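Reader: I have a new structure to look at, and I would like to learn how to read it. Could you take me through it step by step?

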Amino acid sequence: MPLTGIEIFKLLPKTNCGECGVPTCLAFAMQLAAGKAQLSACPYVSEEAKAKLEEAAAPPITPVTIGVGDRALKVGGETVMFRHEKRFDNPPGFAILISDAMDESEIDSRLERFSQFQYERVGLTLRPELVAVKDESGDAAKFETLVNKVKQNSDGGIILISSNPDVLAAGLKACAERKPLIYAATEDNVARVADLAKENSCPVAVRASNLEELTQLTTKLTEAGVKDIVLDSGSRTLRQAFEDQVIIRSAALNKKFRPLGFPTIVFPCEMTDDPMKEAVIASIFVAKYGGIIVLSDFQGHSLFPLLVERMNIYTDPQRPLATTEGIYEIGSPDENSPVLITSNFSLTYFIVSGEIEASKVSSRLLVKDTEGLSVMTAWAAGKFVADAIAPFVKKSGIGDMVKHHKLIIPGYAAAESGGLEEELPGWEILIGPREGSHIPAYLKTWKT
Ligand code: SF4
């Protein structure tokens, strides 16, 4: 059982030196008990106390890493139920399913889709992380050959799926150095799979038929010395699997129940045969609380929204994504090129700059710091109004870069044009389009 805050406090030095970042040992003890601080933050804990505190200091949901290097995926490690409390830290990984019962051309096309589906969005690259290799033939040699192929043709993490430890061992022979996730330890094979996980230092997933059995299996694995565990409650209906996710997260965070304090794996691919329904189910587990989401296949029209949803859910809701204030040159602008201005909400910046680029009219884009708010919100909040824009335009030095002194403002801020002409003597204020998609046509009419 984890220790309470008071029990932890009794083991701390009680000097209240504040070096851990909080003013008192009691406050630090309470943070440790809530899983919101690391024991290493206190330099004065005795070795004896350290051993006792280890359990209390461990994160309530163990972080688990699958894969190695730049493409390694870390899941788990969350400390809150809801993202308004604190941002979610480790986004779930998306896996594409490849089976040794598929023909070569199907396998090749899935591996190609895995590598090709990458999207640029607000300066980030969005892409899936994992290939789930499933044994359906029961043939260890065939499975090993397929795992080898996946290893050579993809740089992502690998999940080895079989209930037969001999087949799993063959898969591990092919890719152990890539630290795959071994799926799965079950009631029938738990001891053997635990040995495989330890011998190869790989994380292991546990599959049970209900939460009670799941608890027993994780307890067996941890007693056997396996620390990196991923949970599959075995439910394959949306309702039951969703309930399981919530119960597991709540047990780990609210009850500090260690046997369920691990990230989860979910299988929308086994919950429906309808690809669109599968994408909708996957989207639910992005929000609550899938750690790894296995899809039957990747299609751009369903994968892209899932990647964007994941990015949004795992963005700090208290801090909008913002671009640095300044002048951005697009193309090769000269002294006659257009000058536009927008807010520094990243999505706005990337849409506007993308549309300017698409117009092929070299331009300068002024990005005004609006604390990450979009144009309309910033305007309503008084952060994108004449009084705020004019000093920025003057200070930016844009007046020395162009001859024409014409400034294109977003259509949604048209009400500021009069104020800006007063605040910026010598500048002509032009009202640009409301929608980013109309910028190319607008710029094509540009004349100095
Ligand atoms: Fe107490 Fe250690 Fe924090 Fe100092 S650093 S206040 S001794 S818990």
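This is a predicted model: local features need pLDDT of at least 70, side-chain atom pairs count only at pLDDT 80 or more; totals for chains, interfaces and linings use all residues.

Reader: How many helices and strands does the protein chain have?

Author: Helices (H or I, at least four residues) and strands (E, at least two) are DSSP runs, numbered from the N terminus. Here the protein chain has 16 helices and 17 strands. Its C-alpha atoms fill a box of roughly 80 × 65 × 35 Å, taken along the principal axes.

Reader: What share of the residues of the protein chain count as buried?

Author: Buried means under 20% relative accessible area, exposed over 50%, and partly exposed in between, with a 1.4 Å probe and protein chains only. Of the 448 residues in the protein chain, 51% count as buried.

Reader: Which residues surround the ligand?

Author: A residue is near a molecule or strand if one of its heavy atoms lies within 4 Å of it. Around the ligand we find P13, T15, N16, C17, G18, E19, C20, C25, F28, C42 and P43. For classes, Ala, Val, Leu, Ile, Met, Phe, Trp, Tyr, Cys and Pro count as nonpolar, Asp, Glu, Lys and Arg as charged, and the others, Gly among them, as polar. That gives a shell with 7 nonpolar, 3 polar and 1 charged residues.

Reader: Where does the ligand sit?

Author: On a 1 Å grid over the protein atoms alone, a cavity is a set of points where a 1.4 Å probe fits but cannot get out. A molecule sits in a cavity or pocket if more than half of its atoms lie within 2 Å of its grid points. In this model the ligand sits in the second largest cavity.

Reader: Now the rings, please. How many aromatic pairs are there?

Author: A pair of aromatic rings is described by the distance of the centres and the angle of the planes. Rings of Phe, Tyr and Trp (its six-membered ring) pair if their centres lie within 6.5 Å; planes under 30 degrees apart count as stacked, over 60 as edge-to-face and the rest as tilted. The count comes to 8 aromatic pairs. One of them joins F88 and Y314 in a tilted arrangement, 5.6 Å centre to centre with 55 degrees between the planes. F88 lies in the loop between β2 (73-75) and β3 (93-99), and Y314 in the loop between α11 (300-313) and β13 (326-330), so the pair ties together parts that are 226 residues apart in sequence.

Reader: Are F88 and Y314 buried or exposed?

Author: F88 is buried at 3% relative accessibility, and Y314 is buried at 6%. Ring pairs also link F88, Y289 and Y314 into a cluster.

Reader: Which charged end sits over the ring of F88?

Author: A charge sits over a ring if NZ of Lys or CZ of Arg is within 6 Å of the ring centre and within 35 degrees of the ring normal. For F88 it is the charged end of R249, 5.7 Å from the ring centre. Elsewhere, the charged end of K406 sits over the ring of W446, 5.8 Å from its centre.

Reader: What about the backbone: which residues does a cis peptide bond join?

Author: The cis bond joins Y183 and A184, with omega at about 10 degrees. A184 is found in strand β8 (residues 181-185). Phi is another angle to look at: K256 is not a glycine, yet its phi is positive, at about 50 degrees. K256 lies in the loop between α9 (238-254) and β11 (265-266). H405, also a residue other than glycine, has a positive phi near 50 degrees. H405 is found in the loop between α14 (386-396) and β16 (406-409), and is partly exposed with a relative accessible area of 24%.

Reader: How many Å separate the C-alpha atoms of A390 and L424?

Author: They are 34 residues apart along the chain and separated by 6.2 Å. A390 lies in helix α14 and counts as buried at 0% relative accessibility. For another pair, E223 and M276 are 53 residues apart along the chain, with 41 Å between their C-alpha atoms. E223 is found in helix α8 (residues 211-223) and counts as exposed at 67% relative accessibility.

Key: Residues are numbered from 1 along each chain as its sequence is written. Side-chain values use heavy atoms; hydrogens and water are left out. On a 1 Å grid over the protein atoms alone, a cavity is a set of points where a 1.4 Å probe fits but cannot get out, and a pocket is an open set with protein on both sides within 12 Å along at least five of seven lines; lining residues have an atom within 4 Å of a point.
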